[in-house]
Structure formats: structure tokens, C-alpha cells
Amino acid sequence: MSTFKKINKKGLIESAFIFIWIFLVRFWSIIQIIILRLRGYKVALTVNLGKDVYLFESKKNAISIGEQSHIGSGVRLKAGFDGEIKIGKRVLVDDYSFISTQDDIEIGDETMIASHVYIVDFNHIYPLQKSKRNIGNASGYTRKKVKIGKYVWIGTHAVILPGVTIGDNAVIGAGAVVTKSVPKNAIVVGNPAKIIKK
């Protein structure tokens, strides 16, 4: 009976610790969001921000994150030049993913993006000597919008390249390199990504 009491007591202590930890993390997240909003970012107060999240925008309100979305630890969101990143409601962007825009990247509601995913809508101009001469301004890059639909699932280490549209309910396999648009309800895998199922 005494062993049961010890286990029960330890469980209560552990539960209390978890509750306090969740409260502190949420409190710190709200403070971060308030600071971001003062700096011109459109981040809903119900968003959860992980540790070491980095946001950069060249113009005010270029990055917007919808209600109840979760941005994991180490995530980078960069909107350079006239670029905009629009993240919908209840979106998961997991740890250490990188989203970078110079044009427009849109992510629909309820989409799940696993850790270490890379999404970009621009590229250097080729040959590289032209790009290097203009590295600090927009003329050094080519740009094409990226649109990711609702309820999309993107696996870890996937790469989404400029000009890609991903339809609703699509699944992008782990490690896939998506160079062409993906229709809704399709599953794509590989490098370059190919449809294996609709």
C-alpha cells in the first residue's frame, strides 16, 4: 500500500510540474507575440511559438500567422524585398523548418509541415556572375509564387521549390524535392517528386 502512495504522490508532482511548465511556455509565447506585433508582424495571440524562432520581414505585415498555429523551435521565416508569407489557421510548422520568400508563399489551414522542411519561392539568376553582382537587390533573383493548400501533409526534409502549387489534402513524402505542382489528394515521393497515388 505504501508503494502505491509513493507512486501516486510522484505522479501528482510530475503532473503539477508539467502543468507549470506548459503555463510558463505559453506565457513566454504570448510575450514574444506581443513584441512581434509591436514590430509589425501579424501573429495571432493564440499562436504557439517554440524556442529560438526567427522572423524577418522587409516590410510591415509581410508575415502573418493564423489562429492556433504552432511554429516549432528553431523555425526561420524570412520575407525579403516585397515577399509575403501567409500561414493559415491551425498550421503546424515543426522544428528547424525554413520558409523564405521574395514573392509570395501561402500555406492553407490545417496543414502539417514536419521538421527540417525547406520552402522557397526564389532562385539566383544563372550564370552566377550576374547573380553575384546583384546579390543585394531583387534583380539578382528569379521569383515564382508558392501555394500550399489546406490539409496538406509535408514530410521531414522535403524541399518545395519556386512556382509550385500543392493542392488540398496532398501528401509530400519525406525527403521529396517538389519541382512541379501537385494536384489535390495526390501522394508524391522522390527526387524529383513523382505521383505514386491519387
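Start by selecting F17, I18, W21, I22 and V25: together they make a nonpolar surface patch with about 530 Å² of accessible area. A patch here takes residues with over 30% relative accessible area and no salt bridge, joining nonpolar side chains (Val, Leu, Ile, Met, Phe, Trp, Tyr) within 5 Å and like charges within 9 Å. A salt bridge is a side-chain nitrogen of Lys or Arg within 4 Å of a carboxyl oxygen of Asp or Glu. Areas come from the Shrake-Rupley method with a 1.4 Å probe, and for residues only the protein chains shown count as cover.

Before you click on, remember that this is a predicted model, where local features need pLDDT of at least 70, side-chain atom pairs need pLDDT 80 or more, and totals for chains, interfaces and linings use all residues. Numbering runs from 1 along each chain as its sequence is written, and side-chain values use heavy atoms, leaving out hydrogens and water.

Keep F17 selected. F17 sits in helix α1, residues 2–38. Helices (H or I, at least four residues) and strands (E, at least two) are DSSP runs, numbered from the N terminus. Is F17 buried or exposed? F17 counts as exposed because its relative accessibility is 54%; the cut-offs are under 20% for buried, over 50% for exposed and partly exposed in between (1.4 Å probe, protein chains only).

Now pick I31, also placed in helix α1. At 29% relative accessibility, I31 counts as partly exposed.

Next, zoom out to the strands. The protein chain holds 2 helices and 22 strands. Which order do the strands of the 6-stranded open sheet take? They go β1-β4-β7-β10-β15-β18, with parallel pairing. At the edges are β1 (42–43) and β18 (165–166), each pairing on one side only. Pairing means that DSSP finds at least two bridges between two strands.

- β4 (63–65) and β7 (84–87) pair in parallel over 3 bridges; select I63 and you'll find I85 of β7 opposite.
- β7 and β10 (104–107) are parallel too, with 4 bridges; K86 has E106 in β10 as its bridge partner.
- β10 and β15 (146–148) share 3 bridges, again parallel; here I105 faces V146 in β15.

Then hop to another set of strands. β6 (76–79) pairs with β9 (98–101) in the parallel sense over 4 bridges, and R76 stands opposite F98 in β9. From there, 3 bridges link β9 to the parallel strand β12 (118–120). F98 turns up again, with Y118 in β12 as its bridge partner.

S69 counts as buried because its relative accessible area is 0%. Show its side chain, which reaches the backbone oxygen of G66 at 3.2 Å. Among the residues that S69 touches, leaving aside those up to four places away in sequence, are T46, N48, I87 and R90; contact means heavy atoms within 4.5 Å.

Finish with the whole chain on screen. Of its 198 residues, 37% count as buried. Its accessible surface comes to about 11700 Å², with 60% of that belonging to carbon and sulfur atoms.

Conventions:
A polar contact is a pair of N or O atoms within 3.5 Å; within protein, one must be able to donate a hydrogen and the other to accept it, and residues adjacent in sequence count only if both atoms are side-chain atoms.
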